[in-house]
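Please read this briefing alongside the sequence and the coordinates, which are shown next.

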Amino acid sequence: MKKLILLILTFLFITGCSNKEVVTIIEDQKELVSINYPVTNVGVLDDAVSSYVNRIYTNFKKEYKKEEKPELNISYTYKELNESVINISLNTEITARKKINKIKTFTYDKNTQKFLSMEDIVEDLDVLDYDIKQKILEKYQDADMDFLSQVNYDYFTIDDENLTIYFGPAMLKNKNSEIIYLDIPLNSLKLLIDIDKSKNTDIYLNIKKKNIDYNDKVVALTFDDGPSKYTNKILDVLKTYDACGTFFVIGNKVDFYDETLTRMLKEGSEIGNHSYSHKWLNRLSKEEFQNELNKTQNEIKKATGFTPKLFRPTYGGYSDRLKSYTDLYFVLWDVDSRDWKVKSKDKILRNVLPNVKDGSIILMHDNHSYAASAIESVVKQLKDEGYKFVTVSELLELKDLRENE
Ligand code: ZN
């Protein structure tokens, strides 16, 4: 009997492993909060990541209570170095009176069930140590020698080309808020583990075409802050009712959900850009803003082969200055479900259904369960009222056509 239970548990554990997801927390109240972090279904690693995030979140809520619109932004990088080793970094940015940048990394070996340090990955680290310090001195002229002499290598990430080591701002004499880092080409290192290169998959896209007539009564459903584990549920409903949506995705999450994104396009939905890490955009410089957009364009292109033309500004905040920095078309909405706030299917329906008219753009969110719970009723009701569902691009085309008549 005992053996059977063990077997079932192992089975659950193994099948559970493939269910990676990204948790997204977005709050737009007294503070602005945008957090994205990966859940791998490797318990120990997930616990370490989520308790770190919780600690930052709780401290932020406590420490910045009195400031005007303080902003917390956490984004991540995720890489499976090989079948067994996962490397995650969490990048924290706090924008308040003072700007704070922090990075924390986790490297976990599923086989040995241990967190790995750089010593476990790089051979002869003590020999390399001198070289690394020389390179830091070349890169950062005002590196603090005292600090440097006792530096450790706790935080690092690895991509296809480089091992990147991170140091806190204390590394510099003129402490500022930037993250200090050093890239070391992998091919210059002797590694103790195998590192798999990222796969490049060929993408074949077959986008579903729709028949929309000039006089059709149309409506566009839009979904922000995904993708997530709820997105497929929404897509199931859209497919059942021959409807479609426009999904404004957060670039930082795309890599985890490439199949979901491909499905969107195949089934006649559209993908738009909702920035890379969901920051309050008006605070960004031109370069920072363009970087948020371009990184997301690249992620979507890499995952699906599709290049978005639409952009939805985060927290609905935009300006002519931001618009002048990009060719992407800014898309807002006229019907707001307020799903993230009302958290109930009935209230969502009340916010949406009476307010829809021909040409409406409806705002919902697919990073939590509320929109997914209401979507079937929304689609069914609007379909009964004679609406046809279009993507935002199709809606814009139709509006254009009607205006130029
Ligand atoms: Zn958003």
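Which residues in the largest nonpolar core touch the most other members? Of its 62 residues, they are Leu 90, Leu 221, Ile 362, Val 379 and Leu 382. This is a predicted model in which local features need pLDDT of at least 70 and side-chain atom pairs count only at pLDDT 80 or more, while totals for chains, interfaces and linings use all residues. Residues are numbered from 1 along each chain as its sequence is written, and side-chain values use heavy atoms, with hydrogens and water left out.

**Nonpolar cores**

- A nonpolar core is a set of buried (under 20% relative accessible area, 1.4 Å probe, protein chains only) Ala, Val, Leu, Ile, Met, Phe, Trp, Tyr and Cys residues joined through side-chain atoms within 4.5 Å.
- A second, separate core of 28 residues includes Leu 128, Val 151, Ile 184 and Leu 189.

**Zinc site**

- Asp 225 (OD), His 274 (NE2) and His 278 (NE2) coordinate the zinc ion at 2.1 Å, where donors are N, O and S atoms within 2.8 Å of the metal (3.2 Å for Na, K and Ca), and the site may look incomplete because water is not among the atoms.
- Asp 225 lies in strand E10 (residues 218–226) and His 274 in the loop between strand E12 (270–273) and helix H7 (286–304), so the pair ties together parts that are 49 residues apart in sequence.
- Both Asp 225 and His 274 are buried.

Methods:
Helices (H or I, at least four residues) and strands (E, at least two) are DSSP runs, numbered from the N terminus. Buried means under 20% relative accessible area, exposed over 50%, partly exposed in between (1.4 Å probe, protein chains only).
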